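Subject: Structure handover

Hi,

Here is the structure for your files. Please open it first, then read my notes below.

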Amino acid sequence: MLDVLTLVTGVAALLLAAWCGWAAYRDQPTKDWHFIGMAVVTLLALIQLVVGIVLLARGEEPEQGTTIFVAYLLGAFACVPAAGFMSLAERTRWGSVTVAAGGVVLAVLQVRLYDIWGG
């Protein structure tokens, strides 16, 4: 995997989590700007998904197995959009908390992906 992409995605996810956590602290729901941030983080996760699939297609193999690697890639890609959709259903501060939690989960998944690949 590309270590830089994994690091950038994890840091962006943590920044999104902090931003939405700050909104929750101020008793605000997610707003349009938060959704733009979610789109950026999701784009990074999509790029990582594509890069991971391309690396697998080229014959490279993760240290801990292809199946678990692909499962984590898909989970990382779906994490923030799922939290975003849930925040639309909950238009209170708890929607912001949901997105913040999704950002933290994505950052943890990035560490795990790095581990699975053999980092």
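Let me start with one residue. T92 counts as partly exposed because its relative accessibility is 33%; the class lies between buried, under 20% relative accessible area, and exposed, over 50%, with a 1.4 Å probe and protein chains only. T92 sits in the loop between α3 and α4. Leaving aside residues up to four places away in sequence, T92 touches Q28 and P29. Contact here means heavy atoms within 4.5 Å. W33 is 59 residues from T92 along the chain, and their C-alpha atoms are 16 Å apart.

A word on the source. This is a predicted model, in which local features need pLDDT of at least 70 and side-chain atom pairs count only at pLDDT 80 or more, while totals for chains, interfaces and linings use all residues. Residues are numbered from 1 along each chain as its sequence is written, and side-chain values use heavy atoms, with hydrogens and water left out.

Now the overall fold. The protein has 4 helices and 0 strands. From the N terminus, the order is α-α-α-α. The radius of gyration is 15 Å, close to the 14 Å that the globule rule gives for 119 residues, so the protein is as compact as a globular protein of that length. That radius is taken over C-alpha atoms, and the rule is 2.2 Å times the number of residues to the power 0.38. Helices (H or I, at least four residues) and strands (E, at least two) are DSSP runs, numbered from the N terminus. Along the principal axes, the C-alpha atoms fill a box of roughly 50 × 20 × 20 Å.

Next, packing. Of the 119 residues, 41% count as buried. Take contacts between residues at least 6 apart in sequence: 81% of them join residues at least 24 apart.

Finally, α1. This helix covers residues 3-25, 23 residues in total. From first C-alpha to last, α1 reaches 33 Å, close to the 33 Å expected at 1.5 Å a residue. The expected span is 1.5 Å times one less than the number of residues. Which residues of α1 are buried? They are L5, T6, T9, G10, A12, A13, L16, A17, C20, A23 and A24. Their cover includes α2 (32-57), α3 (66-89) and α4 (93-117). Just after α1, D27 takes a positive phi of about 65°.

Best wishes
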